[in-house]
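User: I'm new to this structure and I'd like to learn how to read it. Could you walk me through it, feature by feature?

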Amino acid sequence: LSPTSTLRSPLHFFFCFLRYLFYLQLRKDILHCRVLVTHATAVHLFACVLQSELGDYSDVERSPTYLSEFQFLPEECQTHSFLQEVALQHLHLVGHVPSQAELLFLERAKWLPLYGVDLHPVKGAGGAELQVGVSHSGISIFQHATRLGFFHWPKINKIHFKRRTFGLHVILGDRNVPEYFKYKFVLTTERAAKELWRCCVEQHCFFRRIAVQSDEKISDPMKSGVLRRRSSRFRYRGRTEFQVRQMMETQKRREPEFERVPARMS
């Protein structure tokens, strides 16, 4: 699933099928460490996976190795003590049908620091290895999976790129006495810098705009959805989150039928 199409809350998905696809994608991201989780969160999420796949703990014949059928985390992280905690948490989810267990999974996962964040490796001041994360709420700066800073979209005055350099202009401080800060990051190639800039445009337009008109004039780049870089120009022409939700509310569609596929990995 593209980060641009990720609604900020799983509850915004009208169909169970869409939530199921998103659930599968997040499981894959966690397994491959694209989304990092704490120990306590991993226990809860893995228990939700078991409830969705196996049902109630008491309804299935248990063996000491039943958890080994699943690989939720990298192999070195799935220790014996971790699996024991997961089994205990699984007991507390009795009565939840698969769709409910998956929704519990998504509701917990949406609070993860890297949920819905599109990461781009960059170099900061002094050549420090950093990552710029773009999401529905704004732009974050990470180092070694730790968020160093976050700038909400309304605080961002300008984003641009020139060759391999990506620039960010931010307004901080009190509304009456604003302070202006400029940040610059260097990417590996000019193409990577443009991709980061384009990702910012897409995220900003999709989540912050009500609609994007194809014929609107360019005045304020952050308001118009068009950002320029010399001869390079990109305009977001897709639907916004507001339009997607409005369309799904007005167009009555039947819930598509689907069959859950066991995702056990041994």
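Analyst: Happy to. Let's begin with burial: a residue counts as buried when its relative accessible area is under 20%, as exposed when it is over 50%, and as partly exposed in between. Take histidine 44, which sits in helix α2. Its relative accessibility is 15%, so histidine 44 counts as buried. Keep in mind that this is a predicted model.

User: Which residues does histidine 44 touch, leaving out those up to four places away in sequence?

Analyst: Histidine 44 touches Gln89, Leu104 and Arg108. As for the chain as a whole, buried residues make up 42% of its 266 residues.

User: What does the secondary structure of the chain come to?

Analyst: Seven helices and nine strands. Among contacts between residues at least 6 apart in sequence, 59% join residues at least 24 apart.

User: Now the helices. At what angle do α2 and α4 pack?

Analyst: The general idea is to look at the angle between the N-to-C directions of the two axes. For α2 and α4 the angle is about 160°, and the axes are 8 Å apart. Angles over 145 degrees count as roughly antiparallel, so α2 is roughly antiparallel to α4. Their crossing is left-handed. On the α2 side, the residues that meet α4 include His44, Leu45 and Cys48. Among those they meet in α4 are Leu104, Phe105 and Arg108.

User: And how do the axes of α2 and α3 cross?

Analyst: They come within 8 Å and cross at roughly 55°. α2 and α3 are therefore oblique to each other. α2 passes α3 in a right-handed crossing. Histidine 44 turns up here too: His44 and Phe46 are among the α2 residues that meet α3. On the α3 side, Phe82, Val86 and Gln89 are among the partners.

User: What about α1 and α4: how do their axes cross?

Analyst: Those axes come within 10 Å and cross at roughly 55°. That makes α1 oblique to α4. The crossing of α1 and α4 is left-handed. The contact involves Tyr20, Phe22 and Tyr23 of α1, among others, and α4 residues including Phe105 and Leu106.

User: Several of those are aromatic. How should I read aromatic pairs?

Analyst: A pair of aromatic rings is described by the distance of the centres and the angle of the planes. A search of the whole structure finds nine such pairs. One of the pairs is phenylalanine 72 with phenylalanine 105: their ring centres are 6.4 Å apart and their planes stand at 85°, so the pair is edge-to-face.

User: Why does that pair tie together parts that are 33 residues apart in sequence?

Analyst: Because phenylalanine 72 lies in the loop between α2 (39–54) and α3 (80–91), while phenylalanine 105 belongs to helix α4 (residues 98–109). Phenylalanine 72 is buried, with a relative accessible area of 2%. Phenylalanine 105 is buried as well, at 0% relative accessibility.

User: Which residues form the aromatic cluster?

Analyst: Tyr20, Tyr23, Phe46, Phe70, Phe72, Phe82 and Phe105 form one cluster. One of its members also has a charged neighbour: arginine 260 lies over the face of tyrosine 20, at 5.2 Å from the ring centre.

User: Is tryptophan 153 buried or exposed?

Analyst: Tryptophan 153 counts as buried, at 2% relative accessibility. You'll find tryptophan 153 in the loop between β4 (146–152) and β5 (156–162). Tryptophan 153 and serine 135 are 18 residues apart in sequence, and their C-alpha atoms are 9.6 Å apart in space.

User: One last feature: how do I read the backbone angle phi?

Analyst: Most residues other than glycine have a negative phi. Cysteine 33 has a positive phi of about 65° although it is not a glycine. Cysteine 33 sits in the loop between α1 (16–31) and α2, and counts as partly exposed at 42% relative accessibility. Arginine 163 also has a positive phi, near 55°. Arginine 163 is placed in the loop between β5 and β6 (165–173).

Note on methods. Residues are numbered from 1 along each chain as its sequence is written. This is a predicted model: local features need pLDDT of at least 70, side-chain atom pairs count only at pLDDT 80 or more; totals for chains, interfaces and linings use all residues. Side-chain values use heavy atoms; hydrogens and water are left out. Rings of Phe, Tyr and Trp (its six-membered ring) pair if their centres lie within 6.5 Å; planes under 30 degrees apart count as stacked, over 60 as edge-to-face and the rest as tilted. Helices (H or I, at least four residues) and strands (E, at least two) are DSSP runs, numbered from the N terminus. Buried means under 20% relative accessible area, exposed over 50%, partly exposed in between (1.4 Å probe, protein chains only). A charge sits over a ring if NZ of Lys or CZ of Arg is within 6 Å of the ring centre and within 35 degrees of the ring normal. Axes are lines fitted to C-alpha atoms, for helices over the stretch in contact, and angles run from 0 to 180 degrees between N-to-C directions. Angles under 35 degrees count as roughly parallel, over 145 as roughly antiparallel, 65 to 115 as roughly perpendicular and the rest as oblique. A crossing is left-handed if the near helix is turned anticlockwise from the far one by less than a right angle, and right-handed if clockwise. Contact means heavy atoms within 4.5 Å.
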